[in-house]
Amino acid sequence: MAEISKEQVKHVANLARLSLTDEEVETFTQQLGDIINYAELLNELDTGDVKPTTHVLDLKNVMRKDEPKEWIKKEDALKNAPDEQDGQFRVPSILE
């Protein structure tokens, strides 16, 4: 692939609404060129035997089994409530 030019860096910066100094354009031209050259090395790899994948790690569902458990009693849950009425938490009204 051809090297990236300063004009291309300025064009991309303009699309991203970035204002770059001449020094920054020079720096980014070099850095982006290095990145592109490194990415080109990947084209040299033989990937013919590699299956396409959506993720490099083998993902699996790690959720626990859904089993019923004893929970605290309603009275214990309401014990620390700042206000309760008829066995339910009472909160300030937020609707007018």
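Buried residues, meaning those under 20% relative accessible area (1.4 Å probe, protein chains only), make up 8% of the 96 residues in the protein chain. The model is predicted: local features need pLDDT of at least 70, side-chain atom pairs count only at pLDDT 80 or more, and totals for chains, interfaces and linings use all residues. Residues are numbered from 1 along each chain as its sequence is written, and side-chain values use heavy atoms, with hydrogens and water left out.

The accessible surface of the protein chain is about 10,000 Å², computed by the Shrake-Rupley method with a 1.4 Å probe, where for residues only the protein chains shown count as cover. Carbon and sulfur atoms hold 54% of this surface.

The radius of gyration, taken over C-alpha atoms, is 30 Å for the protein chain, whereas a compact globule of 96 residues would have a value near 12 Å. The globule rule is 2.2 Å times the number of residues to the power 0.38. Along the principal axes, the C-alpha atoms fill a box of roughly 75 × 45 × 20 Å. Among contacts (heavy atoms within 4.5 Å) with a separation of 6 or more, 29% are between residues 24 or more positions apart.

Three helices and two strands form the secondary structure of the protein chain. Helices (H or I, at least four residues) and strands (E, at least two) are DSSP runs, numbered from the N terminus. The order from the N terminus is α-α-α-β-β.

Helix 2 spans residues 22-41 and contains Leu-32. Leu-32 counts as partly exposed because its relative accessibility is 33%. Together with Phe-28 and Ile-35, Leu-32 makes a nonpolar surface patch of about 250 Å². Patches consist of residues with over 30% relative accessible area and no salt bridge; like charges are joined within 9 Å and nonpolar side chains (Val, Leu, Ile, Met, Phe, Trp, Tyr) within 5 Å. A salt bridge is a side-chain nitrogen of Lys or Arg within 4 Å of a carboxyl oxygen of Asp or Glu.

| Residue | Loop | Phi | Relative accessibility |
|---|---|---|---|
| Arg-17 | between helix 1 (6-15) and helix 2 | about 55° | 71% |
| Asp-86 | between strand 1 (84-85) and strand 2 (88-89) | about 55° | 72% |

Arg-17 is not a glycine, yet its phi is positive; Arg-17 counts as exposed. Asp-86 likewise has a positive phi without being a glycine, and Asp-86 counts as exposed.

Methods:
Buried means under 20% relative accessible area, exposed over 50%, partly exposed in between (1.4 Å probe, protein chains only).
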